[in-house]
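I set out to look up how oppositely charged side chains pair in this structure. My entries follow.

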Amino acid sequence: MSRPRSLYALRPRDELLLFVLHLLGIGFLAFHYRRYVAELVSFPVMGMIIVLAAAAAYGVRRAGLRGWVALVAFGAVAVLLRYVGVGVLGVLQSAGSGEAGGFSHLGSPTIAFDRAFTASLPAAAVAYALSVAVLRRPRLYAWHPALLAPLVVAMFWSQGPFNVTMFSHPTLLAVTVSAFLLVELALVIAAGLVLPRAATSAQSATAAASVASGGPNAAHPVTVSLTRRFHRGELGALMLLLLPLLLLVLFLFLERYSEASTSQGGGLIRPTLFRFDFADYVNLESEISLSRDLVLLYREEAETERQERVLRSGDRLLRRFVLAGYDPGRGFYAEEDPHGEREPRSLGEEPRSLSDPGHALRSNLRQEYYLVNFDPSSLLAVNYPVEVAPYENYSDSSFSRIYEVESRASDAPREALTDARVPRPQAREAPGEAVSEQWYRFYTDYGGNERLAELAREVTGDVDGDYAEARALEQYFLDEYYYSLRPGVAPDGNQLEHFLFESRKGYCSYFAFSMALMARSLGLPARVAVGFFVEPRMSVMDYYPVRADMAHAWVEIYFEDYGWIEFDPTSTTLAPGEDFETDVGMDMDEISALLEELLSRRNELGRAGREDRDNAEHGEEGGGGMAALYRFLRRSWPLVLLAFYLLIVTAYRLRPWLRATVARDYRGRVQGRFRAMLRALAAAGFRAGPGETPREYALRLSYRHGVSAVGLVDLYLKAMFGESFPEEEYRRYLGAESRTRRSLREVTPLWRRILGFLAPYLRVKPASRAGAETVAEGGAT
Amino acid sequence: MNPPVTAQASETTGTTTTGVERPGRETLRSVPGILVLLVLVLSALSAAIVSGQTRADEAEGDADWYAARALEAIEAENYSRAVSLLKEGQEHYPETLRLYSMLGDLYFDEDLYRLALSEYREAERIDPTDFAVLHGAALSLGRLNENEEAVRYLERVLELYPDSPEVTADLGWMYFKTHQLRKGEELLLDAIERYGNERSLTMTLGTIYADMYRYEESREYYERSIESALEDGQDYFAAVAYYNLSLLQKAFYRFNGAMESTDRSLEHARRGTGHLAKGELYEMQMEFRRAHEQYMKAYNLDEETPLAKLDLAALYRTFGRLDEALAYARSVYESEDLHWMFNFGIDERRHRMELHDLLGAIYRGKARVSARTPAGSPTEWLANTVARVQYAVRAWYHEMSFRRIAVDVGQSYQQAGSELDAHWTYFRAHERYRRVAYAHLERARELEIDVIPETEPLYRMHAGELTRDPEAISRAVEAMHPRWERSSIARGLREAALAFREQGRHREADAAAVELYGINPGGLRQHGVDLPVMISTSAVDEAGERRLRRRLADAGFRPVGNGGGTPYTLEIEAYENGRIGYRLLREGRPVRADGLDVGLDGDGGAAAVARGVAAAVFRVE
């Protein structure tokens, strides 16, 4: 067997550096993989197995085995080791296990070996295969992030369906991923430095061999210099490609988490960049599951006994916002109504008062919200909120935001609303509330679904009065339909009709959608509200934990004098065969820790106001610096990303200029400026061809493209290889550079130059101009 | 499989921790005596303040003032106010024990045991001998499943206050929970001698004897506790004692007695665990509907523990309804609240062990069912394969976790001197490593048949499984009780079918599979056992029939020719309207029959029909 041939002749020190960085990248993967199997194997043991696998890969490379042989050998050795290990330990253990004591005082070596070995095997196999690959093909070091990316994606992808929470907080995720990116970046940079040198050594070795054998001398120093530069350019382009790729992956992750979370949050809530919030539109999904993550703690002080009863009976609904717009293709979505009325959605930084519409049969309800895993800028409030007061959070708080809301909440008993009527536009001249035609049409748009309207008429056939009709609809759903997390897939894709007429089972969104549309078809202005319900049995010290699976959707119908009144048509009867329970159990450790913190530091809370504004100037408003950072990033992340991208591109373009500026002599300055010029030319599409000498390159630019570069290149070569390079020569160089720039501007349109600046990794086609420059322009060196 | 006595969840009434004359052991609202006492003490303090010695505002800042205001807040259920007051009081009077113990009690009442413990520990710093504080800390530790630490606290309390029957009973129970059976026996025998037939002591002693496999003593003490409870009209206590007695009787193969005790238990109080015990007895007889009914009753009654959910998950798993089994098992798995264990003879490790075992079996079953789900297209095949791999990986994870914890549990039994339980648990942990498992099984058999000779066939069956000897399994199955050990018989038939098949003895394998189907139609596919059937079709062309046979073979059926030794015939008919009808006949008598809304067109149609037929034929309702 012979050693594998490579285009690269890596020095041992360089090879070790690259290999160690490669192992660090693998270590990142292994560390996170280990989270899945934490109960089965300790990280040191797994780390040892991985290091052994990497060492085996190194040995295989030294032995010069072919790739596929190396992989088959690994598989065979792994299977053999496992069976031999289990067999030998089994024999030893069984010899001592019949007696009391025996081997068992050591636990079970057989099981310990099997679980550690088998659990580590996937990570070891990956480490081995990748190590074999990079050792055989060192060029793959430059593509290392691309090799690991699918594995990283696969690992994080599985977070959706699995129940392993890798990171307790998004900051940890950000820090860990940043560390990984840094390692990979270091690897790519190191590869960029080392590989061209190794390629050069290989070329020199080839050339030397060629000279020794009387062949042509291929390794001209200038060619080597350009080769090196273009190698780096290629790697730089790769790095710049990584950024959009990373963004794409992040986007996919976000979508993935979003999907998983939407189905886990009762089909209603989705993750924002850092926390959770409700979606602006709600899908009717064929299946959802329930995540039990704690979202917030809630506490209230009611003004009347009737309000207290609302909480105790489980009817308290904390509204996030309303979905007033309807489109048959899109379902219900958040939109301002024609009166421009949109419920307050954002908490804001300062206390504020909201208008009290003065509806009847409402009383004051003071609520406190302690957000744990929910978008800190979002406002939850019982309808109608009239005072919103964010609290000044204490430092190191576990709560992302704390605030208080005063609402005018309905506590009207049903009998008091019997005569309630909805406003209609034709009644404008008649006594009662006037609404515009447009407003009424907006809130009674049901998409013209006649089958649904017919059902609504059937259900309310023998009742009289608007409120009675609304109640009849609500009762119909409560009596006739089932609650289900698996409403099933509609064969024709119409989930709503499938629910109404076929399966008759669904989760809260189905009920709210259906009732709102049926109410609209009867001329009752209705909309869907989303938020959380409060489970009265979960009270701990008067605080009510609210979990993600308590996300809920219900219906609001507008009545004259009383405003928007809530109806909750979601059935509590489980669909046959679905015996899951909506239990009230909680992670008491988490609740205890939060309550301990809250109860002991409650006196540090204060209403945000002037002081808060002062703090805000120092980036410490409610929720502390991190919360402020979250809020800023959440609002402005596209801008931040764009700025980051522009920064990198600008740095790329400015680096040679900086180098020229700080150079000690004129040679250095010329070198930096010439490199900057090469980048400008490359951005416009004029790149040097492989093996092209600078002068050949300059001549091609002049004759074929009309870019005056021969003089510039001659002066550059003089600066590099001439005996001296005084100031006047430098001034001549500046003049030649100016001519080259002018001619480049002439042949390259502005948009192309901008594109070249913004995306230097794009290989744009160079512009060509009829006619050619004369040879006389240049002059010989 | 019939686990030893200790695998059952013996229960205490919790009376060892209730009804005591100390504040804050149980909820203040539910212990009026404690409340009255506190109100009296603190009213006196308040009265002293109001009586004119000093004005209220002058008294503000006094430790008693804080305690009195906090009590008022508690009475008004304004707990956060009470906490603020007590915390404020602690800041001003850091050496006033009462402010800490009151807060500890308040947290304890609200099930915030970690917080309660931290307050009790602060109080203990001030006075390390205070009875209420030390006992409160011990009970908090017990609720937090920190049993060894709880024992240390209780031993300290008993050392300081040796004349406390309540603490004695608590310590006896914690000795049982930590498998220190000899210590528990000595302590309780001594206490019974001192305090007489105190029922909480006799019941705990009965439980300890059950754990020591001393049936007669255990029964005697259970009966003494029942007698005492009935004399005092304590129906709830009697119900719990009857429940524990039924567990004992079941473990010692006194099945009729166990059923009777369960009925008695339910007569005295409708409790969730009573229904669970009854359901388990039905499950042993493979009576799905009756067991399910009992478990659902338990589920509706029991809001505290996940035991009903666990039993439901296990029942669904046994009968092949794996989706439902998974939903219940995962719901328990994801629950972090374990304080319910305090009153049950189970600890966190054993609970986790059983959960992993159950989840591993469910996922393994799902992987096998996925492998027996015919695909009609490459997409379906891919989806099936991905699902199968996913389920297999999860099954492996839970099986390995089960083994890891089982080894720990086995060691803890061994350290406590419970040799039989240790070997039995080691056997379960090593079932995949046959040589090791066999050694532990043999040792467990030697120990158990001395105390429960009826377990002999069960051991022989497991030995046959490990040696892959189908004859040995069959002989063991024949020796089992046809009614009460039907669950074990079903397992034996399954293992015999698989072992016969491995040896290429298909006729015997088919016979075992047929018998198994008669007991539990849901027990075949999830374990990789195929049902032999003769297939007859009508109005289906030859190519269609070939496709259908192939797909049915992929779906868990084993098509055999006439005289193939199976009493089952599967008739499939294509109707003119495109629907498919099927009938499963046993010796000519219909067992299952229905129609399917799928056509038999192409490979996809055949696969869909096979899937539909298999889903119906192997489902248990």
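I began in chain B of this predicted model and checked Arg321(B) and Glu324(B), both of which are buried. Their side chains meet in a salt bridge, with N to O at 2.8 Å.

I next looked up Asp530(B), which forms a salt bridge with Arg372(B); their closest N and O atoms are 2.9 Å apart. This pair links distant parts of the chain, 158 residues apart. I located Asp530(B) in the loop between helix 26 (506-519) and strand 1 (531-538) of chain B. Arg372(B) lies in the loop between helix 19 (348-371) and helix 20 (378-415) of chain B.

I turned to chain A and found one network, in which salt bridges that share partners join Arg299(A), Glu301(A), Arg366(A), Glu368(A) and Glu404(A).

I also recorded a salt bridge between the side chains of Glu349(A) and Arg401(A), at 3.4 Å from N to O. This pair too links distant parts of the chain, 52 residues apart. Glu349(A) is in the loop between strand 6 (331-333) and strand 7 (352-353) of chain A, and Arg401(A) is in strand 10 (residues 401-410) of chain A. I noted that Glu349(A) is partly exposed, with a relative accessible area of 27%, whereas Arg401(A) is buried at 1%.

Finally, I took the count over all chains, which comes to 82 salt bridges.

Conventions
Residues numbered from 1 in each chain as written. Chains lettered and ligands numbered in written order. Predicted model: local features only at pLDDT ≥ 70, side-chain atom pairs only at ≥ 80, totals over all residues. Heavy atoms only, no water. Salt bridge = Lys/Arg side-chain N within 4 Å of Asp/Glu carboxyl O. Helix = DSSP H or I, 4+ residues; strand = E, 2+ residues; numbered from the N terminus. Buried < 20%, exposed > 50% of the residue type's maximum accessible area, 1.4 Å probe, protein only.
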